[in-house]
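Hi there,

Here is the structure I promised to pass on to you. Have a look at it first, and then read my notes below.

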Amino acid sequence: MLQSDTTLLHQVHISRNSSLEALRLVAMAIIIFHHFVVHGIFPAVNIQQHHTFGVLISLLVGWGGYLGNSLFILMTGYFSVRKKLSVKRLAMLLGAMIFYSVGIALIWKSQHRLPPEGMKQALFPFWYGYNWFVACYLLFMPLTSFFNQLLRQLSKMQYLGLVVLEYFLYCVMPTFHGDSFSNAPILQFVMMYCIGGYLQLHGFKQEKLHKVGTWVLLTVVLVCECQPKSEPLAHEFLSHSCS
């Protein structure tokens, strides 16, 4: 019994790796900068008419919204692939989502800006796609009760083949102008969750590869993952700046 408790504490210690906690903070900062730029600066400043250094800096700072989201999904897969689903946490998240969506809807209603269907949509935000990330999270996580069992039963090569297939569909095909699945958030969740689960279940055999190779893999995969989304905006700015 004592040995099992010690093993459990050791697993908890590993799961709270300080490097991953730092990565979580970086992801939060990236998402905040992205929303500030995309939903704050760009609606007020037309980048086609303002080819300034400030706009370029905004592009460099605000490009990574999908990267931050992907990091959160990846870490969710890393921490959740061995665990049971926490219904209580999902219920708390759903309650918080409804609380804020209804609160914002009431503010809009007091300002006579709320559409006729706005309150119904605010009461069921996950159904109507309010806050796409949280909505997808709430819809995707119940599936992990079945998904995790499948992932844990796959061999290392089978698992790797699954990740490669998902990566091809979500990243490679849109990059080469094939059929685009880059606007399918559920597919993004599945791919990044699987990558996180792979790192948890298999990782790297040697310690040096585990430390260095993990971050190399994350960097390559995530930069490629967000490339189809960040390219059009940057291309638009550069094409107008050079014309």
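Phe33 has a relative accessibility of 45%, so it counts as partly exposed; buried means under 20% relative accessible area, exposed over 50%, and partly exposed in between, with a 1.4 Å probe and protein chains only. Phe33 sits in helix α2, residues 18-41 (helices are DSSP runs of H or I with at least four residues, numbered from the N terminus).

Before we go on, please keep in mind that this is a predicted model: local features need pLDDT of at least 70, side-chain atom pairs count only at pLDDT 80 or more, and totals for chains, interfaces and linings use all residues. Residues are numbered from 1 along each chain as its sequence is written, and side-chain values use heavy atoms, with hydrogens and water left out.

**The nonpolar patch**

Which helix gives the most to the nonpolar patch? That is α3 (residues 53-62), with 4 residues.

Grid points are joined across faces, edges and corners, and a volume is the space filled by probe spheres set on the points.

The largest pocket has a volume of about 780 Å³. Its lining has 25 residues, and Thr76, Ser80, Arg89, Tyr137 and Met141 lie nearest the centre. At least two lining residues come from each of α2, α4 (65-80), α5 (87-110), α8 (132-140) and α9 (144-153). By class, this pocket lining has 10 nonpolar, 8 polar and 7 charged residues (Ala, Val, Leu, Ile, Met, Phe, Trp, Tyr, Cys and Pro count as nonpolar, Asp, Glu, Lys and Arg as charged, and the others, Gly among them, as polar).

The count of cavities of 30 Å³ or more comes to 1. About 30 Å³ of space lies in the largest cavity, and its lining includes Phe72, Ile73, Phe133 and Tyr193. Helices α4, α8 and α11 (185-201) each give two or more residues to this cavity lining, which divides into 8 nonpolar, 1 polar and no charged.

**Salt bridges**

How many salt bridges does a search of the whole structure find? There are 2, where a salt bridge is a side-chain nitrogen of Lys or Arg within 4 Å of a carboxyl oxygen of Asp or Glu. One joins Arg24 and Glu21 (3.4 Å, N to O). Another salt bridge joins Lys120 and Glu117 (3.1 Å, N to O).

Happy exploring!

How values were computed:
On a 1 Å grid over the protein atoms alone, a cavity is a set of points where a 1.4 Å probe fits but cannot get out, and a pocket is an open set with protein on both sides within 12 Å along at least five of seven lines; lining residues have an atom within 4 Å of a point.
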